[in-house]
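Please find below a note on the model under review. The points move from the chain as a whole to its sheets and then to individual residues.

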Amino acid sequence: MSEQRKKWWKESVIYQIYPRSFMDSNGDGIGDIQGIISKLDYLKDLGVDIIWLSPIYESPNDDNGYDISDYYAIHPEFGTMADFDEMLTGLHDRGMKLIMDLVVNHSSDEHAWFEKSRASIDNTYRDYYFWKKGKNGGPPNNWLSFFGGSAWEYDEQTEEYYLHLFTKKQPDLNWENPKVREEVYDLLRFWLDKGIDGFRMDVIPLISKRLDFDDSPYEALNDTIEHVYSNGPKVHEYIHEMYEKVLQHYDIMTVGEGPGINSTVGHDYVGQDRGELNMIFHLDHMFLGHGPKGKFDPVPYTWEDIKRIFREWYDAMGDTGWVSIFLDNHDFPRLVSRFGNDNAFRNESAKMLATLILTLRGTACIYQGTELGMSNVAFTDIEDYRDVETHNFYKEFTEEGMDPSTFLERVHEHGRDNVRTPMHWNSTTHAGFTKGKPWIKVNPNFVDINAEKVLNDQNSIYYYYQALLTFRKKHLTLVYGEWHELQNTDERLFCYTRQDKDETFLICLNHSDDQVPFEEDLSQYAKAIGNYSDEASNYLRPWEAIIYKKK
Ligand code: ISL
Ligand code: CA
């Protein structure tokens, strides 16, 4: 095997900010750019390198900014372009970088392009989107939206349907049209020329459609996503063109978000000589447990599935591809609630999962509040939820006869608002997030779990992250080194080495509530970091994580 090429974006750690919920500076209950600016030192002290901002562009907020009506404007609720420039300078002054969310599979239906497109059949913007005649009195095919219902919306004005793989306020852009692609390249240049450091590209494998628009033959939404919506015939041509025309001219990083990208096709997006993307957020482990009708139709899975997915992806990337490693983001539950134990072992399991994220091969990505050990929320009234996905499926499932309280239990487990409640800064009203009324209720456990508290506790999850981030920077073997899994350990353990010509590390993780036997010969190793202060021999305690360094 050859060695991984050295790149700054491989050595960096990303921190995702969901601006609406991070920090409100002016008391309107909505997080904003000045709020972020007030926390730049907090982020610097934590030790992260790159901030990924979820969308802050002009938007009617049907999907909280993932429906953009003006790609060149900051939404006034977040601030002004001057605020943006101040934030960017503030980050750069502190040695941090900024990547923006690029949402160009679709726009808002309130974007000027779509308003013109829908106005008549023969206008120049018609082909910016997908318009089709209906079939047998219904939509053109059986495609379903990610957020429930048909992916087609009938428009009376011109008596045709338009395609929207997400909500009906998110019409899909037609990348077949070279004018659309040029519009996208222009807006990329606009932000890159401002000095930003890259993009996270929303649902990028969906941009090339299968133009026959045949019915999906699949029962399960995930299969349709993978084989019908994603990885379309021209996806690589388009991404490569974007790279040639724009991306390659800047020293930036790109990460593609990839529903439907599996480990078989993953390398095609990120292979180092392909001229496409630097890395992907694949969602294989995030979609675990999603049944035929998606996340609110859950099926069981085990840690063996999680480990298998990490194994497959490591092998698939080899030394010429790269992924990001993450266990939560703004679309999925809190990692400690989903993969750890947010009750009896919240502290231990949050630290164990931190160790996992920061020792696998890939660019680690941490979601806001994860460094505090924030956990899922369980509102008992559907009206307390804000997410369009939750509301659409609530309607769909209850109309099909499901008991509302059963649906709510599923939301408690899988809903996106689990991670969208405000950040907990301290134990004052609304967790110090706002002086007004927050746009979504605060998780009531903020009194116990908040930034002020973890900053005053040397044993906190926050300081554990800080220590790991510092350690990783010193030991690039944890970034570039080969990964080998230990065989024949107890199934409740995940143990592996990272090694290169300079150093060898052994990482042992217990992903259970049990004390688990572990009888490796450790005579050549010394413990470097762990989530229990003392050392036990021949077993790992519940959710114990240890990084050993070879002497
Ligand atoms: O959370 C999901 C639905 O259950 C995912 O399938 C998610 O919709 C998918 O990963 C795409 O997500 C991205 O695009 C969406 C937006 O709502 C998400 O917030 C974004 O991350 C549409 O832009
Ligand atoms: Ca505000």
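The numbered points below set out the computed features in turn.

1. Basis of the note. This is a predicted model, in which local features need pLDDT of at least 70 and side-chain atom pairs count only at pLDDT 80 or more, while totals for chains, interfaces and linings use all residues. Residues are numbered from 1 along each chain as its sequence is written, chains are lettered from A and ligands numbered from 1 in the order in which they are written, and side-chain values use heavy atoms, with hydrogens and water left out.

2. Overall fold content and size. The protein chain contains 17 helices and 22 strands (DSSP runs numbered from the N terminus: helices are H or I with at least four residues, strands E with at least two). Its radius of gyration is 23 Å, close to the 24 Å given by the globule rule for 551 residues, so the chain is as compact as a globular protein of that length. The radius is taken over C-alpha atoms, and the rule is 2.2 Å times the number of residues to the power 0.38. Along the principal axes, the C-alpha atoms fill a box of roughly 75 × 55 × 50 Å.

3. Of the 551 residues in the protein chain, 63% are buried (under 20% relative accessible area, with exposed meaning over 50% and partly exposed in between; 1.4 Å probe, protein chains only). Among contacts with a separation of 6 or more, 70% link residues 24 or more positions apart; contact means heavy atoms within 4.5 Å.

4. Surface and charge. The chain carries 57 positive and 93 negative charges, whose mean positions are 3 Å apart. Lys and Arg count as positive and Asp and Glu as negative, without His or the chain ends; each charge is placed at NZ of Lys, CZ of Arg, CG of Asp or CD of Glu.

5. The eight-stranded sheet. An open sheet with parallel pairing has the strand order β11-β10-β9-β5-β2-β1-β15-β14. At its edges stand β11 (279-282) and β14 (324-325), each with a single partner strand, so one side of each has no neighbour in the sheet. Two strands are taken to pair if DSSP finds at least two bridges between them.

6. Strand β9 within that sheet. Strand β5 (residues 97-102) runs parallel to β9 and is joined to it by three bridges; Leu102 stands opposite Met201 in β9. With strand β10 (residues 253-258), β9 pairs in the parallel sense over four bridges. Here Val255 in β10 is the bridge partner of Arg200, and Phe199 stands opposite Thr254 in β10.

7. Side-chain directions in β9. In a regular strand, side chains alternate between the two faces of the sheet. In β9 (residues 198-201), Gly198 and Arg200 point one way and Phe199 and Met201 the other, and all are buried.

8. The three-stranded sheet. A further open sheet has the order β6-β8-β7 with antiparallel pairing. Its edges are β6 (131-132) and β7 (152-155), each with a single partner strand, so one side of each is left without a neighbour in the sheet. Four bridges join β7 to strand β8 (residues 160-163) in the antiparallel sense, and Tyr161 in β8 is the bridge partner of Tyr154.

9. Two residues with positive phi. Asn64 is not a glycine, yet has a positive phi of about 45°. Asn64 lies in the loop between β3 (57-58) and β4 (70-74) and is buried at 15% relative accessible area. Phe213, also not a glycine, has a positive phi of about 50°; Phe213 lies in the loop between β9 and α7 (221-229) and is buried at 7%.

10. Two residues at 0% accessibility. Ser108, in the loop between β5 and α5 (112-119), is buried with a relative accessible area of 0%. Not counting residues up to four places away in sequence, the residues that Ser108 touches include Pro60, Asp67, Tyr129 and Lys169. Leu43 belongs to helix α3 (residues 40-46) and counts as buried at 0% relative accessibility. Leu43 and Leu91 are 48 residues apart in sequence and 9.5 Å apart in space, C-alpha to C-alpha.
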